[in-house]
Amino acid sequence: MIRQYINMISAYSDLIRTEASNSWLGINFAKEEPEIIKQYLLSPGKGVDYLNQNIAKKITEETNFELKFASVFCHGKPIITRTADSIGSCTGSSPGCELGDLMTVFILLDKHKKTVFSTANIMQAKKTDVLNSESQRCLYESDITFEMPNTVARFSSSLSSLRMLPDYDHLRDRALSYLILNNGHPVAKDIPSSSNLNYGWDCFIQLFLEMKMGLKFTTPRNKLDNGWNCIVNDLLNVGSGKAPSRTVRGIGLEHLKDLFNYYYYYPEYKAEHDRPGVPIMLIICKDKERSVENQ
């Protein structure tokens, strides 16, 4: 199924890159970063809605896959607390900082909506290529541990608020990056920032759709799993707007899959709520014919 999907999506690379660039047209970049992200996720005729009308709809009509872009906007931001070990390695400028401004999640589903592949990336957005928070730079480029705030941790499957970020030998640079908005010409910038390696938003979307961007995740294995699986699951749980029991592990992703259930019906693509979390852009692709049992 993954091979068939990759062959299909790569045939639309020119369309994807052109329309991904056009999806920022009409966004007001005079606003602050959270408002710019909100416009992209929720505004009709631009951003996520534009991606659906100009990329997803065409692919859904012409292939054996249903593709949909969806968005969840959270009005509050979780502030993480850096641990003593992290501060010891990279001092920073404050004990805490935002976790991010945008999490992009891609999921490939079989015809029964069973998850075949899932990947995620968390971004900190900046209007210009200037990192004005040393603690934010430390979190993204150095820290291994941090404390998730209770507003998020109380909905987690983990028994602890301590979280473990992947190191570079576990593809950290696919999990975390910067979004430099560049007054209408956004780029995704790799960590560490000193590398100056970046991709236009068009390339970022193409790479995400081709499974070359973002770090793979699954639902947490158990209550002691506090790594990348747990971090993504925490944010999906909060983003779902539900209040799951701490013993329920995958409820956020399952709820969001159901919330945007009709992947060929594009007017239903967005949700928002006041619970603190990282705004989410979901890219959902469902095989119309194949199931994992038949692979």
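# Briefing on a predicted model

Arg275 lies over the face of Phe155, at 4.1 Å from the ring centre, where a charge counts as sitting over a ring if NZ of Lys or CZ of Arg is within 6 Å of the ring centre and within 35 degrees of the ring normal. The structure is a predicted model, in which local features need pLDDT of at least 70 and side-chain atom pairs count only at pLDDT 80 or more, while totals for chains, interfaces and linings use all residues. Residues are numbered from 1 along each chain as its sequence is written, and side-chain values use heavy atoms, with hydrogens and water left out.

**Aromatic rings and charges**

- The structure holds 11 aromatic pairs, a pair being two rings of Phe, Tyr or Trp (its six-membered ring) with centres within 6.5 Å, called stacked if the planes are under 30 degrees apart, edge-to-face if over 60, and tilted for the rest.
- The rings of Tyr40 and Trp201 form an edge-to-face pair, because their planes stand at 80 degrees, with the centres 5.6 Å apart.
- This pair links distant parts of the chain, with Tyr40 in helix α3 (residues 33-42) and Trp201 in helix α9 (residues 201-209), 161 residues apart; helices (H or I, at least four residues) and strands (E, at least two) are DSSP runs, numbered from the N terminus.
- Both Tyr40 and Trp201 are buried, where buried means under 20% relative accessible area, exposed means over 50%, and partly exposed lies in between (1.4 Å probe, protein chains only).
- Phe106 and Phe117 form a tilted pair, with 6.4 Å from centre to centre and 55 degrees between the planes.
- Phe106 belongs to strand β4 (residues 102-109) and Phe117 to strand β5 (residues 115-126), 11 residues apart, and both Phe106 and Phe117 are buried.
- One aromatic cluster is formed by Trp24, Phe29, Tyr40, Trp201, Phe204 and Phe208.
- Arg172 lies over the face of Tyr168, at 5.8 Å from the ring centre.

**Helix packing**

- Two packed helices are described by the angle between their axes and the distance between the axes.
- The axes of helix α2 (residues 13-22) and helix α4 (residues 47-62) come within 9 Å and cross at roughly 170 degrees, the axes being lines fitted to C-alpha atoms, for helices over the stretch in contact, with angles that run from 0 to 180 degrees between N-to-C directions.
- That crossing makes α2 roughly antiparallel to α4, since angles over 145 degrees count as roughly antiparallel, under 35 as roughly parallel, 65 to 115 as roughly perpendicular and the rest as oblique.
- Leu15, Ile16, Glu19, Ala20 and Asn22 in α2 meet Tyr50, Leu51, Asn54, Ile55 and Lys58 in α4, where contact means heavy atoms within 4.5 Å.
- The residues of the contact of α2 with α4 divide into 6 nonpolar, 2 polar and 2 charged; Ala, Val, Leu, Ile, Met, Phe, Trp, Tyr, Cys and Pro count as nonpolar, Asp, Glu, Lys and Arg as charged, and the others, Gly among them, as polar.
- In helix α11 (residues 251-259), the residues Gly252, Leu253, His255, Leu256 and Lys257 are buried, and the buried residues of α11 pack against β1 (65-76), β4, β5, α10 (228-239) and β13 (280-287).

**Residues in loops**

- Asp143 lies in the loop between α6 (134-141) and β6 (145-147), and it is buried because its relative accessible area is 1%.
- Leaving aside neighbours within four places in sequence, Asp143 is in contact with Arg82, Ser86, Cys90, Cys138, Leu165 and Arg172.
- Lys127, found in the loop between β5 and α6, counts as partly exposed at 26% relative accessibility.
- Lys127 and Glu32 are 95 residues apart in sequence and 7.7 Å apart in space, C-alpha to C-alpha, and the residues that Lys127 touches, not counting those up to four places away in sequence, include Glu32, Phe29 and Asn183.

**Backbone features**

- The peptide bond from Ile191 to Pro192 is cis, with omega near -5 degrees, and Pro192 is found in the loop between β9 (187-190) and β10 (198-200).
- Pro192 counts as partly exposed at 28% relative accessibility, and it touches Glu141 and Tyr168, not counting residues up to four places away in sequence.
- Leu171 has a positive phi of about 65 degrees although it is not a glycine, and its place is in the loop between β7 (162-164) and α8 (172-175).
- Asn196 also lies in a loop, between β9 and β10, and has a positive phi of about 55 degrees although it is not a glycine.
- Leu171 counts as partly exposed at 42% relative accessibility, whereas Asn196 counts as exposed at 53%.
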